[in-house]
Amino acid sequence: MKIAVVLDDIEWGQVLDGLRCRAEIYEETVRYYESGYAESEIAEVRDENEARKLADLYRNIIGKIDRALVPRR
């Protein structure tokens with residue numbers, strides 16, 4: 001299912017900020033699994049693979065939104 005959403009620039013900025021925060025948490029979780037040390041919050045996941053997949057998913061979503069907004073900026 002695909003849904004079109006109409007938001008102004010500030011609202012899209014907030015959406016992207018929230019998505020980036022989630023991506024960073026999953027990326028930090030991957031680093032934690034790799035090193036055993038976390039510098040900040042980590043996510044509750046089954047394992048490193050799940051954290052990596054979720055980080056990639058969030059970065060993919062961010063990329064789609066960024067590409068869609070480029071003509072508007």
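Where does isoleucine 65 lie? Isoleucine 65 lies in helix H2, and the rest of this report builds up the picture around it.

## About the model

This is a predicted model, in which local features need pLDDT of at least 70, side-chain atom pairs count only at pLDDT 80 or more, and totals for chains, interfaces and linings use all residues. Residues are numbered from 1 along each chain as its sequence is written, and side-chain values use heavy atoms, leaving out hydrogens and water.

## The overall picture

Let's start with the whole chain. The protein chain has two helices and zero strands. Both kinds of element are DSSP runs numbered from the N terminus: helices are H or I with at least four residues, and strands are E with at least two.

The C-alpha trace spans about 40 × 25 × 15 Å along its principal axes. The radius of gyration of the protein chain is 14 Å, whereas a compact globule of 73 residues would have one near 11 Å. That radius is taken over C-alpha atoms, and the globule rule is 2.2 Å times the number of residues to the power 0.38.

## How the two helices meet

Helix H1 covers residues 9–35 and helix H2 covers residues 48–69; they pack at an angle of about 155°, with their axes 8 Å apart. Here, axes are lines fitted to C-alpha atoms, for helices over the stretch in contact, and angles run from 0 to 180 degrees between N-to-C directions. H1 and H2 are therefore roughly antiparallel to each other (angles over 145 degrees count as roughly antiparallel, under 35 as roughly parallel, 65 to 115 as roughly perpendicular and the rest as oblique).

What kinds of residue form the contact of H1 with H2? They divide into 16 nonpolar, one polar and nine charged. In this grouping, Ala, Val, Leu, Ile, Met, Phe, Trp, Tyr, Cys and Pro count as nonpolar, Asp, Glu, Lys and Arg as charged, and the others, Gly among them, as polar.

## Buried residues

Buried residues make up 25% of the 73 residues in the protein chain. Buried means under 20% relative accessible area, exposed means over 50%, and partly exposed is in between (1.4 Å probe, protein chains only).

Now back to isoleucine 65, which is buried, with a relative accessible area of 14%. Its C-alpha atom is separated by 10 Å from that of glycine 13, 52 residues apart along the chain. Glycine 63 is also in helix H2, and it counts as buried at 15% relative accessibility. Glycine 63 and leucine 16 are 47 residues apart in sequence, yet 9.6 Å apart in space, C-alpha to C-alpha.

Over in helix H1 we find glutamate 28. Is glutamate 28 buried or exposed? Glutamate 28 counts as buried, at 8% relative accessibility. Glutamate 28 and serine 40 are twelve residues apart in sequence and 7.2 Å apart in space, C-alpha to C-alpha.
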